[in-house]
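User: I am new to this entry and would like to learn how to read it. Please take me through its features one at a time.

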Amino acid sequence: LSLSPYVIGLSGRDIRTHDVDTSHLPELRPLIPPSIRVMMMDPLKTLDEVHQVVSMGVDALVVDETLLENEAQRESLHKALRRIPEKSQENPFTPDS
């Protein structure tokens with residue numbers, strides 16, 4: 001990359017139709033250096049989508065409120081999110097050295 005971003009947001013949203021297709025995102029994630037944090041910008045509506053995005057190695061994601069509607073879904077979401085490895089707790093806007 002010729003830029004030095006601290007965070008890159010990935011999106012699978014078609015801006016014409018607003019449909020979301022995340023099938024191409026696993027190909028994009030490996031192109032981003034590990035020192036740059038990655039956020040999935042589209043609200044994830046299913047646990048399968050959360051698992052897919054977590055397995056890609058993202059640092060942050062947005063979930064749809066439907067995943068928080070009942071205790072079982074919240075617990076499943078919590079388990080899925082525990083799979084995201086923690087990075088340094090230092091200032092997130094300071095690039096990793």
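User: At what angle do helix α2 and helix α3 pack, and how far apart are their axes?

Analyst: Axes are lines fitted to C-alpha atoms, for helices over the stretch in contact, and angles run from 0 to 180 degrees between N-to-C directions. Here α2 (residues 47-55) packs with α3 (residues 71-81) at about 10 degrees, and their axes are 10 Å apart. Angles under 35 degrees count as roughly parallel, over 145 as roughly antiparallel, 65 to 115 as roughly perpendicular and the rest as oblique. The angle therefore makes α2 roughly parallel to α3.

User: Which residues of α2 and α3 make the contact?

Analyst: Contact means heavy atoms within 4.5 Å. From α2 come Leu47, Val50, His51 and Val54, and from α3 come Ser76, Leu77, Ala80 and Leu81. Sorted by class, the contact of α2 with α3 has 6 nonpolar residues, 2 polar ones and no charged ones. For the classes, Ala, Val, Leu, Ile, Met, Phe, Trp, Tyr, Cys and Pro count as nonpolar, Asp, Glu, Lys and Arg as charged, and the others, Gly among them, as polar.

User: What kind of model is this, and how are its residues numbered?

Analyst: This is a predicted model, in which local features need pLDDT of at least 70 and side-chain atom pairs count only at pLDDT 80 or more, while totals for chains, interfaces and linings use all residues. Residues are numbered from 1 along each chain as its sequence is written, and side-chain values use heavy atoms, with hydrogens and water left out.

User: How many helices and strands are in the chain, and in what order do they run?

Analyst: Both kinds of element are DSSP runs numbered from the N terminus: helices are H or I with at least four residues, strands are E with at least two. The chain has 3 helices and 3 strands. Starting at the N terminus, the elements run β-α-β-α-β-α.

User: In what order do the strands lie in the sheet, and is the pairing parallel or antiparallel?

Analyst: Two strands pair if DSSP finds at least two bridges between them. In this chain 3 strands form an open sheet, ordered β1-β2-β3, with parallel pairing. β1 (7-10) and β3 (60-63) are the edge strands, each pairing on one side only. On average, neighbouring strands of the sheet are turned by 20 degrees against each other, direction ignored.

User: How many bridges join β2 to β1, and how many join β2 to β3?

Analyst: β1 and β2 (residues 37-44) pair over 4 bridges, and 4 bridges also join β2 to β3. Met40 of β2 is the bridge partner of Leu10, and Met40 also stands opposite Leu61 in β3.

User: Which strands does α2 touch?

Analyst: α2 packs on the sheet and touches β2 and β3. The direction of α2 makes about 170 degrees with that of β2.

User: How much of the chain is buried?

Analyst: Buried means under 20% relative accessible area, exposed over 50%, and partly exposed in between (1.4 Å probe, protein chains only). Of the 97 residues in the chain, 25% are buried. The chain exposes about 6700 Å², of which carbon and sulfur atoms supply 55%.

User: Where is Lys79, and how far is it from His51?

Analyst: Lys79 belongs to helix α3 and, at 48% relative accessibility, counts as partly exposed. Lys79 and His51 are 28 residues apart along the chain, and their C-alpha atoms are separated by 9.9 Å.

Note on methods
Areas by Shrake-Rupley, 256 points an atom, 1.4 Å probe, with all protein chains shown as cover.
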